[in-house]
Amino acid sequence: MRHTPRNVTQKLIASHLISGDMTPGAAIGLKIDQTLTQDATGTMVMLELEAMALDRVKTEVSAQYVDHNLIQEDNKNPDDHRFLQTSAERLGVWFSRPGNGVSHPTHQQRFGKPGKTLLGSDSHTPAAGSLGMLAIGAGGIDVAMAMAGEPFHTRMPEVWGVRLEGRLPDWVSAKDVILEMLRRHGVSGGVGRIIEYYGPGLAHLSAMDRHVIANMGAELGATTSVFPSDAAVKAFLTAEGRGEDWHELLPDDGCSYDRHETIDLSQLEPLIATPSSPGNVVPVREVAGEPLSQAYVGSSANPGYRDFAIVAAMLKDRTIDDNVSLEINPTSRSILETLTRDGHLLSLLGAGARLHQAGCNGCIGMGQAPANDTNSLRTVPRNFPGRSGTREDRVYLCSPETAAASALKGVITDPRTLGMAYPQVREPEDPIINTRTLIAPMEASKARKVHLIKGPNIESLPDFEPLEAQLDLPILVKAGDDVSTDEIMPAGGEVLPYRSNIPRIAEFSFRGVVDGYAERARETGDHIVIGGENYGQGSSREHAAIAPRYLGMRVVIAKSFARIHHQNLVNFGVLPLTFSDGDDYDALEVDTRIGFDKLQEALEAGGPVTAQVDGRTLTLEHALTPRQVEILFSGGLIAWMRNQKAA
């Protein structure tokens, strides 16, 4: 029997589909082969698994990375590292020690495998799509459920085919490809879609180039990004000593896509995202000459060997400008070792660059904050307000070439104007492979004897009461469009050490949106938050849902939601609704009360929800599945799972 031709995304989903059908918008359940957790989200995952009484993970591979909270100002971060390591030992999880590197490139080097599914408690998990995987970012509790052997529930996305043609010109690299996508479509252009790249232009992009593009598909709001598994993937896995893990995975001839796009790589030029959104993309030449105080190379958005080697080659026997601090943020221990072997570190250090440990570091405001009232050029994936660690920051996103050129000149510089030959740098065929500090899962018989080490900063998860059918609550926060989870729950060295202490981290809720939220919430009690378009974009951190819920947030009404945050709200018993009429958003103000009656009946019916505001009726929509409605009226996903087991 002849099958309808399928694209790579459809093949990946079809081979893991447990429930539902592949009609865009339909509710589906997917089998998850691998999971990824990092320390900013992983402590909560481990606490959730403890609450579920799981004794051993059910996945093929689960890995816990320590890459975010590396600054050890006091005991809190190292205490959490010990908790994560003992939890990994108990559960049969790989443990990547501090300094091993950022989760995404490290996972790609050691565990990424074509044809597999990966669910990660980090929004940049889609980077693994570079290897022909279906890799999706999710809230920690969804990852915990996958580790317990449960399917991942979502809605079938549209598949957006992007055909790449031509070859990148000199001084233009993979970062400019994804910046071009953001220039065209903005930070919500990928919502409800999986982006699949194909076409002859792929022949000139390495697996790590593809990582750069897939990583920042998250900034478009896409569910994930997918590349085929072809010769470039085979070369990468072979170089990493894992050639046996490769198999070919290509789109069928004659397959179709729900949406089409073409990018002629040969026509691209150096691009840059201006403050303070990844969607504010312009050609570098339009902002050339602007002063800067900092340039930053690395992070999961430019993690490959060539991303550092190209900068080293540009800086060899040269010196950066006196007024610029050039930060080199290595992304894995093995990449750092290979750069050292090949002499590139000497070029970087000799030019005046500052070398930091392998990890996320300044990308999430964990050190390397820029000076106040100055421009910072970074190869990181996000430039949301304050994410760098400086409250009033001015962060630009660019390629390594643009960052290095600007560090040399002391002003934002189009690298094509440097007057030097474009260095020819390639990924090495013989990278140093160091797995000695990657700790393998412990045997089950030994694991049962492991005692979890919990520092004094670790608090158990609070219990939340179920959603009530009748509510009458005031609006406490009115947020605008594109509010990110960084603004709802900041990252950085001040906040992240409290990620396993919900009462303490709740004090920082909505700090990037409104002053004094926590104090007002304690005085007010249960309340509503309203927002504009693309509410909750950015990081997958579920603390942006848990902490305000702890302070009494029961309902969020927005014009539209980012996918992961919408699910995180449901997972912790917060009702997400959308305005039927956008003008209703304009009419509502802080302290206005909204009343709901027969809420459960309305949600279960699947239609619109009506509410009362100042004697008039407000009509609201929801996109909840019957399963999500059950979760809300159970008090969240953990309580729902307990009820399922009891039944």
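Select helix α2 (residues 39-52) and helix α5 (residues 140-147): their axes come within 9 Å and cross at roughly 50°. That makes α2 oblique to α5 (angles under 35 degrees count as roughly parallel, over 145 as roughly antiparallel, 65 to 115 as roughly perpendicular and the rest as oblique). The crossing is right-handed.

This is a predicted model, where local features need pLDDT of at least 70 and side-chain atom pairs count only at pLDDT 80 or more, while totals for chains, interfaces and linings use all residues. Residues are numbered from 1 along each chain as its sequence is written, and side-chain values use heavy atoms, without hydrogens and water.

Now show the side chains between α2 and α5. Val45, Glu48, Leu49 and Met52 of α2 touch Gly140, Ile141, Ala144, Met145 and Met147 of α5 (contact means heavy atoms within 4.5 Å). By class, this contact has seven nonpolar, one polar and one charged residues.

Next, go to Pro400, in helix α12 (residues 400-409). Is Pro400 buried or exposed? Pro400 is buried, with a relative accessible area of 0% (buried means under 20%, exposed over 50%, partly exposed in between, with a 1.4 Å probe and protein chains only). Beyond its neighbours within four places in sequence, Pro400 contacts Ser173, Val297, Asn302, Asp307, Ile310, Val311 and Thr379.

Finish on helix α9 (residues 305-315). Its axis and that of α12 come within 9 Å and cross at roughly 30°. That makes α9 roughly parallel to α12. Arg306, Asp307, Ile310, Val311, Met314 and Leu315 in α9 meet Pro400, Glu401, Ala404, Ala405 and Leu408 in α12.

Definitions and conventions:
Axes fitted to C-alpha atoms, helices over the stretch in contact; angles between N-to-C directions. Helix = DSSP H or I, 4+ residues; strand = E, 2+ residues; numbered from the N terminus. Left-handed = near helix turned anticlockwise from the far one by under 90°. Nonpolar A, V, L, I, M, F, W, Y, C, P; charged D, E, K, R; others polar.
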